[in-house]
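Here is a short tour to read with the model open beside you.

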Amino acid sequence: MVASRPALSCFQFYTISFTHRFLCSSKTNNNEKHKRLKRNQFHHNKNPALPFRRSSPTPLLINHKPFTQTKLHALDAVIKDLQTSVKNGISIDSEIFSSLLETCYQLNSINHAITIHSLIPKILLRKNITISSKLLRLYATSGHIEIAHQMFDEMSKRNESAFPWNSLISGYAELGQYEDALALYFQMEEEGVEPDRFTFPRALKACSGIGLIQIGEAVHRDVVRKGFGNDGFVLNALIDMYAKCGDIVKARRVFDNIARKDTISWNSMLTGYIRHGLLVEALQVFRGMIQDGFEPDPVAISTILSSFLSLKIAVQIHGWVLRRGIEWNLSVVNALIVVYSSHGKLDRASWLFHRMPERDVVSWNSIISGHCKHPEALVYFKRMVSGGTLPDSITFIAILSACAHLGLVKDGEQLFSLMRKKYAISPIMEHYACMVNLYGRAGLIDEAFNLIVERMEFEAGPTVWGALLYACSVHGNVDVGEIAAQNLFELEPDNEHNFELLMKIYSTAGRLEDVERARTMMLDRGL
């Protein structure tokens with residue numbers, strides 16, 4: 001017992017040292033560097049006459065170079081020493097376990113947490129609600145939900161705090177298992193566990209996930225009953241829930257009742273309006289939050305840029321983005337490229353693209369899509385691949401569409417094959433629609449039809465048959481056009497455009513009786 005005291009001190013030192021050295025601000029590090037620099041200057045400038053011979057430097061300090069550690073390296077070193085102490089039979093204080101688990105959570109390091117878990121005595125894990133709760137949170141946030149739930153079931157004092165319940169509810173919600181998350185929320189209520197301000201946002205996220213506003217309203221009533229009706233953190237979650245569940249009016253009502261709105265409040269209302277297609281209201285919120293001194297986050301900015309059809313508004317937002325100095329945020333500049341491309345301002349889109357400090361696959365997809373009617377699309381694709389960015393499914397939709405517009409049948413066929421063989425991307429409906437469009441625009445109607453009936457792994461949808469029908473209307477192919485139209489009449493019985501294309505095909509072929517028959521069919525359907 002006496003021998004264990006120094007070891008405990010040592011680990012307390014490790015924990016404190018780790019916290020101060022690796023989780024402190026850069027200002028502290030700069031101060032330490034400044035002090036070391038002054039000491040070095042002192043030793044170089046001062047050279048007093050000594051009454052004895054200067055000693056030679058200690059061998060261990062000759063050419064000494066400080067070892068730069070990352071936070072994870074430092075944590076790894078502490079845990080290795082911890083393992084050694086446990087192996088030597090030294091008892092470790094529970095506060096050390098708790099502190100290290102908190103550090104694992106901050107650094108998002110589940111592997112270190114698993115190692116620490118193996119060192120914690122089982123009896124301590126059962127008795128200490130703080131340690132077990134922190135460990136449960138780590139497993140839940142890392143996607144190890146089954147282990148987290150097993151720990152939850154084994155906790156003898158889980159009802160003393162909402163913390164373990166919140167962690168497990170959040171874990172299920174993040175994995176998209178919304179029913180399990182809500183089941184836990186209602187179980188928590190049944191067992192008499194008092195929720196806190198962190199419980200409700202997690203439950204409301206699950207309500208948003210399943211889209212059941214009735215359950216969301218029930219949670220809202222709990223919020224009011226438990227005294228959290230004025231909590232901004234909870235109210236922000238309510239805005240998001242009502243918007244995602246389809247009741248934008250209630251979302252706005254909650255928003256208006258928030259006394260002190262923050263950035264999350266404004267962004268939640270903004271994205272809610274955009275999601276519902278209420279662009280005028282979204283723009284009013286956008287301007288309102290700026291006037292109140294709040295800044296939309298990059299996701300909200302990119303969303304609003306992508307939603308507005310007005311180039312004038314997009315340019316105004318771009319100007320605001322420039323003034324705020326966030327024009328090179330990845331999601332924002334990607335949205336600007338899409339906006340300018342969609343309005344035919346390819347020079348502006350290209351200018352932005354070539355000056356981006358970093359690019360992702362969305363950046364490349366945006367610039368390729370913008371040039372879908374220009375040969376530069378193929379140039380950008382080659383640059384993308386040679387630069388090491390892996391194309392995705394959307395990339396091939398964009399480049400195949402470009403090949404169709406440019407009449408590059410051979411290039412399109414090669415790219416379609418490359419997509420499957422080199423990049424292991426299975427074709428989806430849009431890829432086949434692009435290929436049908438490619439063949440159709442080139443007048444290769446039979447090749448387009450054979451692709452649908454012989455090579456597709458699933459039933460063709462409206463986009464595929466629609467591309468074929470359009471090609472038949474351009475090239476006057478009655479036989480294949482009738483087949484395409486018949487499939488479209490079943491898939492889209494209310495789409496009058498399909499009837500109009502078929503009538504055009506008949507009219508071009510001089511089959512006036514069939515034109516009248518198709519018109520009668522359309523009128524009979526109330527079109």
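Buried means under 20% relative accessible area, exposed over 50%, and partly exposed in between, using a 1.4 Å probe and protein chains only. By that scale Glu 413 is partly exposed, because its relative accessible area is 28%.

A word on the source: this is a predicted model, in which local features need pLDDT of at least 70, side-chain atom pairs count only at pLDDT 80 or more, and totals for chains, interfaces and linings use all residues. Residues are numbered from 1 along each chain as its sequence is written, and side-chain values use heavy atoms, with hydrogens and water left out.

Glu 413 sits in helix 24 (residues 409-421); helices here are DSSP runs of H or I with at least four residues, numbered from the N terminus. Leaving aside neighbours within four places in sequence, Glu 413 is in contact with Met 435, Leu 438 and Tyr 439, where contact means heavy atoms within 4.5 Å. Cys 403 is 10 residues away from Glu 413 along the chain, and their C-alpha atoms are separated by 9.3 Å.

Now to the core. A nonpolar core is a set of buried Ala, Val, Leu, Ile, Met, Phe, Trp, Tyr and Cys residues joined through side-chain atoms within 4.5 Å. The largest one has 149 residues, and Leu 270, Leu 305, Ile 368 and Leu 468 touch the most other members. Helix 13 (residues 232-244) gives the most to this core, with eight residues. Beyond its neighbours within four places in sequence, Leu 270 has contacts that include Phe 286, Met 289 and Ile 304.

Finally, the packed helices. Axes are lines fitted to C-alpha atoms, for helices over the stretch in contact, and angles run from 0 to 180 degrees between N-to-C directions.

| Helix pair | Angle | Axis separation |
|---|---|---|
| Helix 17 (residues 298-307) and helix 18 | about 160° | 10 Å |
| Helix 18 (residues 311-324) and helix 19 (residues 330-342) | about 155° | 11 Å |

Angles over 145 degrees count as roughly antiparallel. Helix 17 and helix 18 are therefore roughly antiparallel to each other, and so are helix 18 and helix 19.

Between helix 17 and helix 18, Ile 301, Ile 304 and Leu 305 meet Ala 314, Ile 317, Trp 320 and Val 321.

Conventions
Helix = DSSP H or I, 4+ residues; strand = E, 2+ residues; numbered from the N terminus. Parallel < 35°, antiparallel > 145°, perpendicular 65-115°, else oblique.
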